[in-house]
Amino acid sequence: MRRLLARRMKFHLFGAFFVSVGCAALYKFGIAEPRKRAYAEFYKNYDAMKDFEAMRAAGVFESAPPK
């Protein structure tokens with residue numbers, strides 16, 4: 001029973017480290033990178049003035065009335 005806590009602590013410490021690194025990698029490659037690519041794809045051909053004019057024509061803005 002000597003050093004039982006130390007041995008178990010070492011095992012759980014390494015286990016927790018590998019699980020946390022695995023979760024971080026899963027998040028990065030499963031969520032963050034696809035989201036980054038989706039934003040890049042959206043803004044690659046996004047025209048802010050065209051979007052503004054469409055919202056203006058729809059009457060969304062009070063300060064810029066539709067023409």
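1. Which side chains meet in a salt bridge at 3.4 Å, N to O, with lysine 44 as one partner? The partner of lysine 44 is glutamate 41, where a salt bridge is taken as a side-chain nitrogen of Lys or Arg within 4 Å of a carboxyl oxygen of Asp or Glu.

2. On the basis of the values, this is a predicted model, in which local features need pLDDT of at least 70 and side-chain atom pairs count only at pLDDT 80 or more, while totals for chains, interfaces and linings use all residues. Residues are numbered from 1 along each chain as its sequence is written, and side-chain values use heavy atoms, with hydrogens and water left out.

3. Lysine 44 and glutamate 41 are both part of helix 1 and lie three residues apart, about one turn of the helix; helices are DSSP runs of H or I with at least four residues, numbered from the N terminus. Lysine 44 is exposed at 63% relative accessibility, whereas glutamate 41, at 45%, is partly exposed (buried means under 20% relative accessible area, exposed over 50%, and partly exposed in between, with a 1.4 Å probe and protein chains only).

4. A network of salt bridges with shared partners joins Lys28, Glu33 and Lys36. Glutamate 33 pairs with lysine 28, with the closest N and O atoms 2.8 Å apart, and also with lysine 36, for which the corresponding separation is 3.4 Å. Glutamate 33 and lysine 36 are three residues apart in helix 1 (residues 4–44), and therefore separated by about one helical turn.

5. In total, the structure holds four salt bridges.

Conventions. Helix = DSSP H or I, 4+ residues; strand = E, 2+ residues; numbered from the N terminus.
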